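Reader: Please show me the structure and let me ask about it step by step.

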Amino acid sequence: MQMDNISSQRLKGRVALVTGGGSGIGRAAAIAYAREGAAVVVAGRRQREIDETIAMITATGVEATAVVADVANSDEVKALVQAAVDRFGRLDAAFNNAGIEGKMAPITEQSEADFNDVVGINLRGVWLDMKYEIEAMIALGNGGSIVNTSSFVARAGQAGASIYAASKGGLEGMIRALAVEVGPKQIRVNNVLPGAIKTPMFDRLGGEAATSTVVKFTPLGRLGEPADVGDVAVWLSPDEARFVTGQSLLVDGGIAIPGIR
Ligand code: NAD
């Protein structure tokens, strides 16, 4: 993971929280927030993985803390946000990125339990994250930036992904409502929609075998790297993006552009 990119320390003195920060896009974003000078709260389900991310950040002299939290559990999400505020006294940016692909299968082979698992993490979990983050940001009075991880699959039809697509697509309406609701508090809410990104999730969904097809349909001609998405989540956080809210931004190398390939 690169730590030597040019940094302008645009988030010095700020505090960022990242869920799903023990791997893939979340880890890349946590490192990118730290590169910009923010203290980082890294949340995930597994202590060992989030500790590895923390070690990468603290090695550069930036403060970071790990919190084990399952985003499907409201008590744990509430405690996560409280832990961030207790530790650093602020909450300026949140990247609600934790998610699962769930069971990718024809609808006739999916169960209600499959639906509840995926929606419980990808949609309800992000709603819980935002509920407690917004509560804290309003109380702290500094405004803030929230970015959620949706997916290009919310826009581009993919067989087998009916539950996943619904869970990610739901985030688009959710942030439009919230952008209007919390804009007057100077809290901005946006989504990133990654394309096919080289992460453990991509490996579970086909990895090597799927790569050539994905690359063929991606105008920029390659798989995404976790930092391609993490950097955009971080770009949406500081003052450069101060007038951007309610937006769902594809970060996908163009794969979801409709057309003839
Ligand atoms: P990943 O599997 O490495 O990351 C997902 C992270 O979320 C893991 O660290 C996992 O432990 C964590 N997580 C899952 N359920 C959780 C829960 N209940 N509570 C807390 N943490 C939980 O894969 P990734 O590709 O880095 O995924 C990050 C996000 O990007 C996900 O929301 C995913 O849906 C989205 N996404 C990925 C791709 C891709 O091609 N990799 C494409 C579009 C969207």
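Reader: How far is an oxygen atom of the ligand from an N or O atom in the side chain of K168?
Author: This is a predicted model, in which local features need pLDDT of at least 70 and side-chain atom pairs count only at pLDDT 80 or more, while totals for chains, interfaces and linings use all residues. Residues are numbered from 1 along each chain as its sequence is written, and side-chain values use heavy atoms, with hydrogens and water left out. A polar contact is a pair of N or O atoms within 3.5 Å; within protein, one atom must be able to donate a hydrogen and the other to accept it, and residues adjacent in sequence count only if both atoms are side-chain atoms. For the ligand oxygen and the side chain of K168, the distance is 2.8 Å.

Reader: How far is an oxygen atom of the ligand from an N or O atom in the side chain of T199?
Author: Here too the protein atom is an N or O atom of a side chain, that of T199. Its distance to an oxygen atom of the ligand is 2.6 Å.

Reader: How much of the ligand does the protein bury?
Author: Accessible areas come from the Shrake-Rupley method with a 1.4 Å probe; for residues, only the protein chains shown count as cover. Taken alone, the ligand exposes 820 Å². Of that area, the protein buries 96%.

Reader: How many residues surround the ligand?
Author: A residue is near a molecule or strand if one of its heavy atoms lies within 4 Å of it. The closest residues to the ligand are S23, D70, N97, Y164 and T199. The number of residues that surround the ligand is 27.

Reader: How many residues of the shell around the ligand are charged?
Author: Ala, Val, Leu, Ile, Met, Phe, Trp, Tyr, Cys and Pro count as nonpolar, Asp, Glu, Lys and Arg as charged, and the others, Gly among them, as polar. In the shell, twelve residues are nonpolar and ten are polar. The charged residues number five.

Reader: Which helix gives the largest share of the shell around the ligand?
Author: Helices (H or I, at least four residues) and strands (E, at least two) are DSSP runs, numbered from the N terminus. Helix 1 (24-35), helix 6 (162-182) and helix 7 (200-204) each supply at least two residues of the shell. The largest share is three residues, and it comes from helix 7.

Reader: Is D92 buried or exposed?
Author: Buried means under 20% relative accessible area, exposed over 50%, and partly exposed in between (1.4 Å probe, protein chains only). D92 is found in the loop between helix 3 (74-88) and strand 4 (93-96), and its side chain reaches the backbone nitrogen of V15 at 2.8 Å. Because the relative accessibility of D92 is 9%, D92 counts as buried.

Reader: Why does Q186 count as exposed?
Author: Q186 lies in the loop between helix 6 and strand 6 (187-194). Its phi is positive, about 65°, although Q186 is not a glycine. Q186 counts as exposed because its relative accessibility is 58%.

Reader: How far apart are the C-alpha atoms of M137 and Q186?
Author: M137 is placed in helix 5 (residues 124-140), and with a relative accessibility of 1% M137 counts as buried. Along the chain, M137 and Q186 are 49 residues apart. Their C-alpha atoms are separated by 9.4 Å.

Reader: What is the relative accessibility of Q9?
Author: Q9 lies in the segment before strand 1 (15-19). Its phi is near 55°, a positive value in a residue other than glycine. Q9 counts as partly exposed because its relative accessibility is 34%.

Reader: How far apart in space are K12 and V62, C-alpha to C-alpha?
Author: K12 lies in the segment before strand 1 and counts as exposed, at 60% relative accessibility. In sequence, K12 and V62 are 50 residues apart. In space, C-alpha to C-alpha, they are apart by 9.8 Å.
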